[in-house]
Amino acid sequence: MKNSLLLILFCCPIFLFSQGIPDLIPFKKNDLWGFADKNGTLKIEPQYDKVAFFGNDKAKVWKNDKQGFINPQGENLVELIYQQSDPIYFGEQLFLVKKDKKWGVVNTDKKTLLKLKFDKIESPGKPFLTVKQKDLVGMYQLVNGKFTKFLPIKYAKIEMDRFAEKYLFKATTKNRDIEYLDKDGKLIKRISIKTTPKQRDTSIEEVEEMEMSVAEEPAPSPNEREKYPKFQSLNKQKKAGIVIQRKSNHIDNYGKIVSDTLFGDFQEIITKHSFSDAYVIKQNGKWGAINLAGQTIIPTEYDSIDVKSMKFQGRGGQSFVVQKNGKWGVIGNPNKFRKVDVPNTIKVPFEYDSIRRNVNHTYYIVSQKEKFGVINSKKFELIVKPLYTKIRDTFRRVNNFAIFFITLENGEEVYVGENGVEFFSN
């Protein structure tokens, strides 16, 4: 009972935290943007010219050429009165803002932490800000929620290096002298350009460069530089074959270079080694595939095979995008051990004008009559009907819910969810 109570207490904070994460997706209605849940129910009424996705409980919004930020309840975190606004420091509710060509810092309580008087402000890393006035730069430091001056505005350039052992800041003065300073802004070393080469000390950078040169690793051996497997085509009496050079995985000669010769009665061979361990072949004008041992994986009965889309899917077996009678579909072998004794079955019917995988092989982008949709590559289900002029290969996740970027006939880019819900209304 005690252990069960501890488990509940341990799990509850995680559950509550996950419940607090906003599940909001940009929604366009006519010419204005708001936010809806994954079912398409409006949660923040469309009132903005443009919006970004939520991240860390805030979303950037645009209206009348001004920028600001809102929270999941639609309340302003940064008022829409600035030409530009951007968050700084993960976990801190602080924002760089620009108004009337001057930069400053505000927080979510609408308080100004740095007045809008700087020509530029940059964040090299918490807790510091680099500020610029009249071609000179200095630094401010965040201490107890307030920014205090850390380095005076007198330098031409300030660089921050957290990985350097001897200094944290390298500052260049107006006359090009170099100052090295520690984490408290204390001067460690100053190198003046007026010092002659015979008189000057070795700089910190030169010492580090000498230390690195001593520790250089030996050049790799020729075999390590070569990329394997390597393929060489064989052509005999207009029949194609290949010689494969690869690194052995056998325990007795692991890493040694071995060769295999694959003869065949083929018109053409396309090498494809990664993922599926398959070679696409052409026989009698039709395409198929064989494995490393020359066994048939796909019978030579297809008009074309998309080599780039071939993928071994672990427990899901292998799948191939193929064309038959002028239409594209997907066939697959569910045998996870890459054997050939289980025949391929049709996973996606041959009814599409084109099929391509997205960038991480999670979905198929399909087309019919110049309109595009989406198929889930694990369950092979049509989740977005082919109704759109264009669909990006990349997509976005909101709490593990996939959002697709689609283009309408009028050229507008809007969103459709993995449940087929359209996040727009005209």
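Biologist: What ground rules apply?
Modeller: This is a predicted model: local features need pLDDT of at least 70, side-chain atom pairs count only at pLDDT 80 or more, and totals for chains, interfaces and linings use all residues. Numbering starts from 1 along each chain as its sequence is written, and side-chain values use heavy atoms, without hydrogens and water.

Biologist: What makes the link between the side chains of Thr173 and Asn175 a polar contact?
Modeller: The pair lies at 2.4 Å. The definition asks for N or O atoms within 3.5 Å; within protein, one must be able to donate a hydrogen and the other to accept it, and residues adjacent in sequence count only if both atoms are side-chain atoms.

Biologist: Which residues is Thr173 in contact with, leaving aside neighbours within four places in sequence?
Modeller: Tyr155, Ala156, Glu179 and Arg190. Contact means heavy atoms within 4.5 Å.

Biologist: How do you know that β10 and β11 pair?
Modeller: Two strands (DSSP E runs of at least two residues) pair if DSSP finds at least two bridges between them. Here 3 bridges join β10 to β11, antiparallel. Val105 has Leu114 in β11 as bridge partner.

Biologist: Why is one side of β8 and of β11 left without a neighbour?
Modeller: The open antiparallel sheet runs β8-β9-β10-β11. β8 (84–88) and β11 (112–118) stand at the edges, each with a single partner strand, so one side of each has no neighbour in the sheet.

Key: Helices (H or I, at least four residues) and strands (E, at least two) are DSSP runs, numbered from the N terminus.
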